[in-house]
Amino acid sequence: MQELIFIGVLGGALAALYVWAFRTLPGARWQFAAAVPVAALPDGGWRGLNLTWYGVFYALGIAVSSALGFVLLKSIGAPTLPVLLLLVGTVAVCMPAARFLAGIIERKKGTQSVAAGFFTGMVLVPPALLLMNALVDSVNLPPLATLAAFGAAYALGEGIGRLSCISFGCCYGRRVVDLGAGLRRLVAPFAVRFRGPTKKIAYASGWEGVAVVPIQAVTATLYTAVALGAAWLFLAGEYGAALLLSIGFTQVWRVASEFLRADYRGGRKFTVYQWMSLSGVAYVAAWVAVLPREADMVRADIAQGLAALWTAPGVIAVQALWLAAFLYAGRSTVTGSTLRFHVVDEHRKSFAAQPPRSAPRRKAPKAKALAGA
């Protein structure tokens, strides 16, 4: 019953967030969260650094997904320090890999791909986990269960992370008018229009205000549902099924969804990212086949996992991951801003109407004091 309540509350909270986000984030207002002055300009203004909602939701996806992975593993009694080291290490490797590999594949700066970051983590985490267990006697993370928790966390993180794409106007879908008649009738009622000249869809394709396939929203919804399903299977002890569901569905959908996207993904019809996804499914299936089943593990206790999250290590780790991810992805490198500051006229006039206060008179020294001196 506790597991059902946990899944229901998490799903309900995310559903409310998505309903708001799908309607609001395509607007021009929701690309930049703040602008910070960084250098004075000769004309009296300031050059600004743009902090984006892309970074806010990117960091939210990493923080919430890491929290989910932590809760799931602590619910089966996994040791805290190794879990946190593996989570933090995975994020620390995958974030720069997402930018580095995307730059190589797409041959341009200022871009990153979750697919590239995921592929890196997917390849490295299983051997790193086995190596950690072998080298450190105090570490005994159950391999299949750990990978299953990471799979559910990944699906949730990418689902939430798609809100970043909606805010920035990247990873956008094909124009509705370019679809076949049947698909066009199906998609048209749900089409999305992005507003603002600094959205990627506007400056990369010139499609500001054009109805496009809401591929980011569809992906966010599907991945989140899969993450919740995988978490449910994990809590039921079905680790192999949880891992295959989270990785299998997300990567097959990535292959299919690429055909509905219009942003540049490299100069191939079947993209490098699609090949990564297909190879990833085979790779994970192989690990499921060879890793031992933890049939004798204690049954998951979600209350125990949640209690572990609300301890100092859990809270600090999640907050640190959010901050690090925001500082990494939230500082815009493709947009700029110019800031000017001024006093509001009403306040300027109100202060100007007040006579300046005269400086206080200094008391003359007393005669005795002068004589004594």
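1. Start with the aromatic cluster: Trp 20, Trp 30, Trp 53 and Phe 57 come together as one group. Keep in mind that this is a predicted model.

2. On aromatic pairs in general, searching the whole structure turns up ten of them. Tyr 54 and Tyr 58 make a stacked pair, because their ring centres are 6.0 Å apart and their planes meet at 20°, under the 30 degrees that counts as stacked. Both residues belong to helix α2 (residues 53-75), and since they are four residues apart there, about one helical turn separates them.

3. Are these two tyrosines, Tyr 54 and Tyr 58, buried or exposed? Tyr 54 is buried, with a relative accessible area of 12%, and Tyr 58 is buried too, at 11%.

4. Now to helix α10 (residues 272-290). Its 19 residues reach 27 Å from first C-alpha to last, close to the 27 Å expected at 1.5 Å a residue.

5. Which residues of α10 are buried? The list runs Tyr 273, Gln 274, Met 276, Ser 277, Gly 280, Val 284, Trp 287 and Val 288. Looking down the axis of α10, the buried residues fall within an arc of 150°, so they line one face of the helix. Over on the other side of α10, Trp 275, Ala 282, Ala 289 and Val 290 are exposed.

6. What covers the buried residues of α10? The cover includes α3 (80-106), α4 (114-135), α5 (143-168) and α9 (239-257).

Terms used
Residues numbered from 1 in each chain as written. Predicted model: local features only at pLDDT ≥ 70, side-chain atom pairs only at ≥ 80, totals over all residues. Heavy atoms only, no water. Phe/Tyr/Trp six-rings, centres within 6.5 Å; stacked < 30°, edge-to-face > 60°. Helix = DSSP H or I, 4+ residues; strand = E, 2+ residues; numbered from the N terminus. Buried < 20%, exposed > 50% of the residue type's maximum accessible area, 1.4 Å probe, protein only. Expected span 1.5 Å × (residues − 1). Arc of directions from axis to C-beta. Contact = heavy atoms within 4.5 Å.
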